[in-house]
Amino acid sequence: MTTESNAMAASTKMYISWVLFSLSAAASVYGMKQAGSPRSRSRSQQSQQSQQSQQSQQSQQSQQSALQKALREGTSRDAGERVCTVDEHNRPTAEGHVRSEVRLQNLWHRATYIIVRHVTEEDAAKPIRPEHEHILVQRRSRSKDYCPGKLDPAPGGVVGFGESYQLNAERELAEEMGISSSNNENKMKRLFTFPYQDERVQCWGELYEVTYRGPLDALTIQEEEVEEVMRMSLSDIQKVTQQTPDAWTPDGRHALTLYLQHRHDRIVKRRLLSGYSSGNLDAYTVRPKPKAIFFDCDDCLYFDGWKTANQLTKKIDEWCVKHGLPEGEAYQLYLRHGTALRGLLAEGHMEHCEDAIDKYLQDVHDLPIHTLLSRDEELRNMIESMDPSIPKYVFTASVSDHADRCLKALGIRDLFADIIIDVKACGLVTKHSKEAFQAAMKIANVDDPESCVFLDDSVNNIRAAREVGWRSILVGRVGRDCGTSISSDDAEHEIDRIHELPTIFPELFGLEV
């Protein structure tokens, strides 16, 4: 076995020993289950779990009290070190504060966080997957004034007064693990800056990523700061941090969550847009989980070379000619008012009453959909595999009856929420208006615009979605009106057909990247 293999095996043993230690309570309870009646075993288990919980709480309280005492007396490690304090917007204070004041008063300050990727030759040959990517995790020294003995997936340090983020990160990495970022193989990359606060910490952190390719036994650990270093896969860390969150530094866990989000976006090549949680790399935050998905109907859920759309346009033009308007006027009404219907009403060509509007919408959408569209098993399978906890809606500029017939023809009607959001539900406003999107949110009972995911083939609709804060995906890269390539800087992604959604939005399907 090589030196590297020996080192990795030793690190694995460290990790296993930690897991066994964290699960020792469960193991001891399991041992007691071998004797006594089920009732006595249950009572014994409950009693032991209660005692262990009380002992753990007492130990933590005692440790915290000792730390607070040391901070007040100025005897904690680096208590007098002057650090870079800031306001809530990350603007530095004039003179900074000493570390003990920062801890005791929970002052806003700057700190660095470093994801240390450990890549071996064997790792480099494997596909990019969380189980194949490893990072170095530190266990903090028990003499630290913050989270002593806790595991940290993004080690770094408090930025000193007058010190830059970059200089601090390079220094901490070299001091704590002996990794020099001046080495081209270990080059450090700044990813983003983020705010973090809880009852003990308020900081503006800057997260860096560095790739270490050397053997584990070549690391030089600073014993005053670090108790041990272990190598763990991203998939293992995600599982263990969820199972035993109290064993980890809370800000380190948050930094890891942000890193995984950023990593995910890089892999799927997601466009980062300003105005969104993950769009500002100088104030990066966790994105809200989608609460509703809105699909456009025509030329999005299906694409038939605009045959259905062209027939709809023809129907509208025929209606207008039949009612005394010149040929082609329907399109001019659309250009002037956003929809032909709004133009007809605004310019007095139609009576503004519900019966007249309903008759018009019925006439222009009277198409033999069953002969134009056919069942799409690939589409059905894709939608069925989506996260069932997220409701799906059809958000269309046409009427619900038309959309309903399209969904039935495609074989997917039963996969959507009962309500189809159509032109009438939006008060006859154009789909690319702020009012239409606000009406859709109200119908879907969603308050946060960023938790809405929208798929559409119209650049205008995508732009409107961006303006109200929805996340959008442009479906189709050729415009119907222009016949040439289209693109939208307001969309997170652009795809050729709806069936590609899992490749750019795998989290909607429970897929990891």
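These legends accompany close-up views of a predicted model.

**View 1**
Welcome to helix H8, which runs over residues 250-267. Buried residues of H8 include Asp251, Gly252, Ala255, Leu256, Leu258 and Tyr259. The buried stretch from Leu260 through Gln261, His262, Arg263 and His264 to Asp265 also belongs here. Among the elements that cover the buried residues of H8 are strands E3 (108-118), E4 (134-140) and E5 (151-152). Look just past the end of H8 for Lys269, where phi is positive, at about 60 degrees.

**View 1. The largest nonpolar core.**
This core has 36 residues, and those with the most contacts inside it are Phe295, Ile412, Phe416, Leu455 and Leu501. Elements that give two or more residues to it include strand E10 (292-295), strand E13 (452-456), strand E14 (471-475) and helix H19 (501-504). Helices H9 (297-301), H15 (377-384) and H16 (400-410) are also on that list. H16 gives the most, with 5 residues. Zoom in on Leu455 and, leaving aside its neighbours within four places in sequence, you will find it in contact with Ile293, Phe294, Phe295, Asp296, Cys300, Ile473, Val475, Ile498 and Leu501. Another core, of 28 residues, lies apart from this one, and Ile135, Phe192, Met230 and Leu258 are among its members.

**View 2. An open parallel sheet.**
Here 6 strands line up in the order E12-E11-E10-E13-E14-E15, with parallel pairing. Which strands stand at the edges? They are E12 (420-421) and E15 (493-495); each has a single partner strand, so one side of each is left without a neighbour in the sheet. Further in, E10 and E13 pair in the parallel sense over 4 bridges. Phe295 stands opposite Leu455 in E13, and both residues are among those with the most contacts inside the largest nonpolar core.

Gln138 is found in strand E4. Is Gln138 buried or exposed? Its relative accessible area is 3%, under the 20% cut-off, so Gln138 counts as buried. Its side chain makes a polar contact of 3.1 Å with the side chain of Glu176. Not counting residues up to four places away in sequence, Gln138 touches Lys150, Leu151, Asp152, Pro155, Glu176, Met177, Val226, Glu228 and Val229.

Terms used. Residues are numbered from 1 along each chain as its sequence is written. This is a predicted model: local features need pLDDT of at least 70, side-chain atom pairs count only at pLDDT 80 or more; totals for chains, interfaces and linings use all residues. Side-chain values use heavy atoms; hydrogens and water are left out. The expected span of a helix is 1.5 Å times one less than its number of residues. Buried means under 20% relative accessible area, exposed over 50%, partly exposed in between (1.4 Å probe, protein chains only). Contact means heavy atoms within 4.5 Å. A nonpolar core is a set of buried Ala, Val, Leu, Ile, Met, Phe, Trp, Tyr and Cys residues joined through side-chain atoms within 4.5 Å. Two strands pair if DSSP finds at least two bridges between them. A polar contact is a pair of N or O atoms within 3.5 Å; within protein, one must be able to donate a hydrogen and the other to accept it, and residues adjacent in sequence count only if both atoms are side-chain atoms.
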